[in-house]
Amino acid sequence: MSKPVVLLAEQLSPATVEALGPDFDVRSVDGTDRPALFSALTDASAVLIRSATKMDEEAISHAPNLKVIARAGVGLDNVDIKAATQAGVMVVNAPTSNIISAAELTCGHIISLARHIPAANASLSGGAWKRSSFTGTELFEKTLGVIGLGRIGALVAARMQAFGMRIVAFDPYITAARAQQLGAELVTLDELVEQADFLTIHMPKTPETTGMIGEAQLKKMKKTAYVVNVARGGLIDEQALAAALEAGEIAGAGIDVFTQEPPANDDITRQPNAVVTPHLGASTEEAQEKAGISVAKSVKLALEGDLVPDAVNVAGGAIDPFVRPGISLVEKLGQVFSGVARSALTSLEIDVRGELADYDVSVYKLAALKGILGSVVSEKVSYVNAPVIAEQRGIETRLNVEKDSPEFRNLTTLTGTLADGTVLSIAGTLAGTRMVPKIVGINGHELDAPLAEHHLVIVYKDRPGVVAVYADKFGAGDINIDGLQVARGAGDEALSLITVDKRVPDDVVASIGEAIDARIIRQIEIVED
């Protein structure tokens, strides 16, 4: 029997090939040569790439035997995950390969800023001796503000504590107890920017986090403060940052990532008080080797039919066809949960009722966590790594299965206890012969609405005329209402679930909340993998 073909489309370390072992026919091709790549993919079972090879729909169509695409790194911008999923191809990456390298580069930027190392080096290299021009500042007893206490943020916090720094952190999805374990004090974003002598950001890039450090936040910072971004380009508003640096509103910045790479202009790179690097977060020999070895191990597991810890688009293990449609439903319910929740999740129960009780629905636990965590952590969340991330954040999770379901053929309810002591529940079902995913309850408010891409959830005091107020606001903002559900709760509380045709601008959401004195108003965006 011939060995499965594993294609190396880019230069990878000898350790990567060694990790694959002798059971595969390992071949090489220049992944940037599209005709050569297409030809080599014809009988490939797996392809290993870095960032130069594009595994798009066209490339995948030339690979009828392909079972796994492995990216030896973190980002997956050069892989069409949707096309791979449709073709039944597993996509894996190496999500933890660069975390130490990224954390160390962050610390390097902090030290370089504090002691003006790059500028001093450039001056002395140019023949000048200007000691007095480069008087720095000690890190000891200074305050480091960490936005995002995920794996990289936690590593930075640990390392900078060794310098005697006080750590304050903003992360709405982590509990105070977990922050305390990491030696950090949880504060609001406003408190963090006001207190920080050095600010570093480690958040995923989403519509909510893009530009989260902008003009307003920079103006609140100390004039002696520094900001660092080694995470994602655009988390710090580049135009506002350039203006703040030029005006001396902050002392300096360390930037490794940009909205456009290479940067479209020199607004930041030309600033004398900016230390800039060309996206070097993962650029260490160790990170590159870890990435190669990691994906080689994943490829072996995938081709041997085993569970793959770093699969980004496929749940591990056998799943009954009757169970499979509910995976997407539960993940979407998790996204709704995350969108409505007002503080960090501490415990979660997934209750599955009805005809699904006769099947193994353990994957629903993974889907719920994937949906909830996907928009709140910096790393890519998969069905396999979701429980690990939940455990790291101290989230207790339990799955309950019950045959009895008097109202629905199948009913899945996510009930979570939040850090502020409140309890949130989101319920959904697969309706009819077409198994349409619907949301049927939020915190006891009974609903019957198909899940769509854009929703708003509004809780307010029940009274006449409220619907007319927000309908008028939508009309003025050129927003179409595709569906509307109003449910009355206990006392004087009412809940509206509104389905709209596109994302509602933040100012429109704010104006609606103010106009109707909303107790809760949340925009929910359902993301399809």
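1. Helix α13 (residues 324–340) and helix α14 (residues 363–373) have axes that come within 7 Å and cross at roughly 35 degrees, where axes are lines fitted to C-alpha atoms, for helices over the stretch in contact, and angles run from 0 to 180 degrees between N-to-C directions. The crossing of α13 past α14 is right-handed, that is, the near helix is turned clockwise from the far one by less than a right angle. On the α13 side the contact (heavy atoms within 4.5 Å) is made by G326, I327, V330, E331, G334, Q335, F337 and S338, and on the α14 side by V363, Y364, A367, A368, K370, G371 and I372. These residues divide into 8 nonpolar, 5 polar and 2 charged, with Gly counted as polar and Ala and Tyr as nonpolar.

2. As to the basis of these values, this is a predicted model, in which local features need pLDDT of at least 70 and side-chain atom pairs count only at pLDDT 80 or more, while totals for chains, interfaces and linings use all residues. Residues are numbered from 1 along each chain as its sequence is written, and side-chain values use heavy atoms, with hydrogens and water left out. Helices (H or I, at least four residues) and strands (E, at least two) are DSSP runs, numbered from the N terminus.

3. An open sheet of 5 strands runs in the order β2-β1-β3-β4-β5 with parallel pairing, two strands being paired if DSSP finds at least two bridges between them. Its edge strands, each pairing on one side only, are β2 (25–28) and β5 (90–92), and neighbouring strands are turned by 20 degrees against each other on average, direction ignored. Within this sheet β3 (residues 44–49) and β4 (residues 68–71) pair over 4 bridges, and L48 stands opposite A70 in β4. Helix α12 (residues 285–303) packs on the sheet, touching β1 (5–8), β3, β4 and β5, and its direction makes about 170 degrees with that of β4.

4. The length of helix α5 (residues 99–115) is consistent with expectation, because its 17 residues at 1.5 Å a residue should span 24 Å and its end C-alpha atoms are 25 Å apart; the expected span is 1.5 Å times one less than the number of residues. Of the 17 residues of α5, 12 are buried (under 20% relative accessible area, with exposed over 50% and partly exposed in between, for a 1.4 Å probe and protein chains only), including I99, L105, H109 and L113. Just after α5, H116 takes a positive phi of about 55 degrees.

5. I389, in helix α15 (residues 386–392), counts as buried because its relative accessibility is 2%. I389 and A177 are 212 residues apart in sequence and 16 Å apart in space, C-alpha to C-alpha.
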